[in-house]
Amino acid sequence: MTKQKTVWACSECGHSQPKWSGQCKECNQWNTFHEEQDFSHEKSRFLAQPLTAAKPQRVDEVVIEENIRVKTGMKEMDRLLGNGIVQGCFTLVGGDPGIGKSTLLLQISHLIAKQGLLVLYVCGEESTAQTSLRARRLGISSENLLLLSETNYSHIKRHIDELSPDFVIIDSIQIIYKSEITSAPGSVTQVRETATELMHLAKGRAISIFLIGHVTKSGEIAGPRVLEHLVDTVLYFEGDLQHNFRLLRVVKNRFGSTDEIAVFQMGEGGLKEVENPSQIFLEERMKGNPGSVIIPTVEGSRPILVEVQALVTNTAYSTPTRRSIGLDSNRLGLLLAVMEKKIGYQLHNKDVFVSVAGGLKIVEPAIDLGVILAVSSSLMNRMIDPETVVLGEVGLGGEIRSVSRIEGRLKEAAHMGFKKALIPKKNLGGLTEIPLEIIGMERVEDAIHATIS
Ligand code: TYD
Ligand code: MG
């Protein structure tokens, strides 16, 4: 009997090698190697491969076929994907458990099935009864939407062969397995092999396939990153489980632009698109509170107004507390140091808490000036004019640096009824048609004088 050949595969990046080692030399992660069966030499692995072999063609002779797109009818969703779902597109939807991936795809399935296209929803994670119950709660019923509770890949493929659906949803890729592979479902080999087979199905037969994938604690799709290379489009579903809004972010898109987001709200009737996200983030604002500043931030190409709140209190201990929610705590420390040095604030005996209201996470430095003004406002117990928005990156010397996409941000502020904007002086050029009183600022001190004192 021949000995079963095994390899050691990294669960983070999918790199495989013949021997175990503590650290993966590809992604530098520790303790990620698992022993798996070696499939790399097996012939005819991909049964679904198209029969016609490709021939080399001259670059100018290639016939460009217009992609056939199916619109879901969800305006934001279609925009995100680049004007609808491309036929034969292989898409991965990632996100934390409970964020709403199954709900979103069930709703999309319904919208597609309503147009007369056949949709097969493979619910491996939940039973068909559970999924059907959810569908009923969402008011979904369509003869073109079929549920299949199956986790064995060859059975799923047999059903796809029989039904030849236009759309297939796999909920989730981590639970699907091929029985020929001995490693557990969700392991690198299983995920890679099943996803590769599905990719050939999508491409060979022009079936649009959506994979649902779980995200690990560190925020990556569980299992190998190879999955991201295989698919055409990667969508991440994010949000705070405590808040009912969700962001769907495009990380990769072969058929449209990346870095776009769509905002949804989770409610009784499932997910609803939010066409005006600024409104929900400002909904619960109490005007006139010291420590509150409105900042026009940008998510993808979309400006969103958010409220940054700061609370400064006397510290009871020898080391002051600095806490931030929704922004990087190192950045906060840096901004506080600039305030101490440049404005002369005594913050060493103060606790500072800063939070982005609504649960949004902001990484762009354009919110720096807003954070400084919110902290100053709370420290001095003086409110900042509630009809003013603030924008600017702050350097270590206390200088206010320019930010990108200024026009879109200010237009959104004007659209939401704000009257005044404090922006970096370098951004002033060419801003003529914005119905706001715009003031350019060069240094942090000037901005504080203009708003607080
Ligand atoms: P789900 O789609 O199951 O998440 P995932 O597939 O990403 O794990 O969503 C689960 C959550 O959504 C659950 O906590 C209940 C909530 N939910 C609503 O609030 N309203 C609804 O109409 C539905 C269907 C779910
Ligand atoms: Mg689910």
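These notebook entries record what I looked up about the pockets and the ligand in a predicted model.

**Conventions.** I number residues from 1 along each chain as its sequence is written, and chains are lettered from A and ligands numbered from 1 in the order in which they are written. In this predicted model, local features need pLDDT of at least 70, side-chain atom pairs count only at pLDDT 80 or more, and totals for chains, interfaces and linings use all residues, while side-chain values use heavy atoms, with hydrogens and water left out.

**Entry 1: the largest pocket.** I looked up pockets on a 1 Å grid over the protein atoms alone (a pocket is an open set of points where a 1.4 Å probe fits, with protein on both sides within 12 Å along at least five of seven lines; lining residues have an atom within 4 Å of a point). The largest pocket has a volume of about 500 Å³, a volume being the space filled by probe spheres set on the points, which are joined across faces, edges and corners. I found 28 lining residues, of which Glu238, Leu247, Arg249, Glu299 and Lys361 are the closest to its centre. Strand 11 (233-239), strand 12 (245-253) and strand 15 (292-299) each give two or more residues to this lining; strand 11 gives the most, with four. Helices (H or I, at least four residues) and strands (E, at least two) are DSSP runs, numbered from the N terminus. The largest pocket lies between domain 2 (69-274) and domain 3 (280-451), because both give residues to its lining. The domain bounds come from an automatic or database domain assignment.

**Entry 2: the second largest pocket.** I noted a volume of about 290 Å³ for the second largest pocket. Its lining has 14 residues, and His243, Ile280, Phe281, Glu284 and Gly358 are the closest to its centre. Helix 7 (277-282) and strand 16 (302-314) are the elements that give two or more residues to this lining. Domain 2 and domain 3 each supply at least three residues to the lining of the second largest pocket.

**Entry 3: ligand 1.** I counted as near any residue with a heavy atom within 4 Å. Ligand 1 has 16 residues around it, and Gly98, Lys101, Ser102, Thr103 and Gly267 come nearest. Helix 2 (101-113) is one of the elements that supply at least two residues of this shell, and its share, three residues, is the largest. I then looked up polar contacts (pairs of N or O atoms within 3.5 Å). An oxygen atom of ligand 1 is 2.6 Å from a side-chain N or O atom of Ser102. A backbone N or O atom of Gly270 lies 2.9 Å from an oxygen atom of ligand 1.

Technical notes: A polar contact is a pair of N or O atoms within 3.5 Å; within protein, one must be able to donate a hydrogen and the other to accept it, and residues adjacent in sequence count only if both atoms are side-chain atoms.
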